[in-house]
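Please examine the sequence and the three-dimensional model shown below before reading the report.

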Amino acid sequence: MIVVGYLLTANHRLMTANRTDRADYLAALAAREAAHAEEIKGLRARMVVLETRLGEVEEELDRERDRRRAAEDIAAAVRRHT
């Protein structure tokens, strides 16, 4: 009978400890998820800025190519008439 009481007490302590451990785990998991969500939010904002800058650089490159082609066309026309 004493052994059964001891086992029930031990079982109760283990269950209480497990419940506390699980609560701590879930709280830590929620905190990590919140931090991760903030990190993702920051990375998405940075990505928008970088995509905007990339678009600007691509447009600048296109304008430079157009200027170079126009200059080459003028140079070719001058060579043909000379």
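The structure is a predicted model. Helix α1 covers residues 2-81. Along the principal axes, the C-alpha atoms occupy a box of roughly 115 × 15 × 5 Å. The radius of gyration is 35 Å, whereas a compact globule of 82 residues would have a value near 12 Å.

The surface comes next. Of the 82 residues, 0% count as buried. The protein exposes about 7,700 Å², and carbon and sulfur atoms supply 61% of this area. V3, Y6 and L7 form a nonpolar surface patch with about 360 Å² of accessible area together. V3 lies in helix α1, and this residue counts as exposed because its relative accessibility is 56%, where the cut-off for exposed is over 50%.

The charges may now be considered. There are 15 positive and 15 negative side chains, and the centres of the two sets lie 3 Å apart. The structure holds four salt bridges, including those in the table.

| Salt bridge | Closest N and O atoms |
|---|---|
| D62 and R65 | 3.8 Å |
| R67 and E64 | 2.7 Å |
| R69 and D66 | 3.7 Å |

D62 and R65 both lie in helix α1, three residues apart, which is about one turn of the helix. R67 and E64 are likewise three residues apart in helix α1, so about one helical turn separates them. R69 and D66 are also separated by about one helical turn, because they are three residues apart in helix α1.

Technical notes: Residues numbered from 1 in each chain as written. Predicted model: local features only at pLDDT ≥ 70, side-chain atom pairs only at ≥ 80, totals over all residues. Heavy atoms only, no water. Patch = residues over 30% accessible without salt bridge, like charges linked within 9 Å, V, L, I, M, F, W, Y side chains within 5 Å. Areas by Shrake-Rupley, 256 points an atom, 1.4 Å probe, with all protein chains shown as cover. Salt bridge = Lys/Arg side-chain N within 4 Å of Asp/Glu carboxyl O. Helix = DSSP H or I, 4+ residues; strand = E, 2+ residues; numbered from the N terminus. Buried < 20%, exposed > 50% of the residue type's maximum accessible area, 1.4 Å probe, protein only. Rg over C-alpha atoms; globule rule 2.2 N^0.38 Å. Lys, Arg positive; Asp, Glu negative; His and termini not counted. Charge placed at Lys NZ, Arg CZ, Asp CG, Glu CD.
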